[in-house]
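Visitor: I'd like to learn how to read a strand in a model like this one. Can you walk me through it?

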Amino acid sequence: MNIKDEVVKLINKYDTNNPFLIAKELKIIVMFAPLGNTLGHHLYDSRFDVIHINEKLKEEMRTFVCAHELGHAILHKGVSTNFLRYHSFFSTARIERQAHTFAVEMILPDKYLKENSDFGLYQLAEMHGIPKNLIDLKSH
């Protein structure tokens, strides 16, 4: 699966790279809640996808977390990373990296980078709340 291609399809289909708007179009519920040290998480039950985002986050980080959790909802249907992390020996590193990649590609699509070429990739990433250690996930 090519994550970048999946993101481009969504952006083109919904004419936005805003993860909140795409989640709404996909009937994924987004809620803000006091989550302590947790940034966010995605839950799926038999009828609903729900993204919880820590209400204490700044707007840019909320967008990144929403995009990350949207990545889980789309790329990892029916998989609970929290369950895997705490109730199995399965490593969630690959799944988390895929969700990070999804978020970076959604927030900084190639078209946006071309339109804002006066800025460097690292500047744009910082402006949009992408953690510095994840910038290199952006494929060129």
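This is a predicted model: local features need pLDDT of at least 70, side-chain atom pairs count only at pLDDT 80 or more; totals for chains, interfaces and linings use all residues.

Visitor: Is strand 3 mostly covered or mostly open?

Guide: Mostly covered: strand 3 spans residues 49-54, and six of its six residues are buried.

Visitor: Which residues of strand 3 sit on which side?

Guide: Here's the general idea: in a regular strand, side chains alternate between the two faces of the sheet. In strand 3, one side carries Asp 49, Ile 51 and Ile 53, while Val 50, His 52 and Asn 54 are on the other. Both faces are covered, with all of these residues buried.

Visitor: In which sense does strand 1 pair with strand 3?

Guide: Parallel, over five bridges, with strand 1 covering residues 29-33. To find the spot by eye, look for Ala 33, which stands opposite Asn 54 of strand 3.

Visitor: And how does strand 2 run against strand 3?

Guide: Strand 2, residues 40-44, runs antiparallel to strand 3, and five bridges join them. Leu 43 has Val 50 as its bridge partner in strand 3. The two strands form a hairpin, with four residues between them.

Visitor: Which residues make the nonpolar surface patch?

Guide: Ile 29, Met 31 and Phe 48 make a patch of about 240 Å². Ile 29 belongs to strand 1.

Conventions:
Residues are numbered from 1 along each chain as its sequence is written. Side-chain values use heavy atoms; hydrogens and water are left out. Buried means under 20% relative accessible area, exposed over 50%, partly exposed in between (1.4 Å probe, protein chains only). Two strands pair if DSSP finds at least two bridges between them. Patches are made of residues with over 30% relative accessible area and no salt bridge: like charges are joined within 9 Å, nonpolar side chains (Val, Leu, Ile, Met, Phe, Trp, Tyr) within 5 Å. Accessible areas come from the Shrake-Rupley method with a 1.4 Å probe; for residues, only the protein chains shown count as cover. A salt bridge is a side-chain nitrogen of Lys or Arg within 4 Å of a carboxyl oxygen of Asp or Glu.
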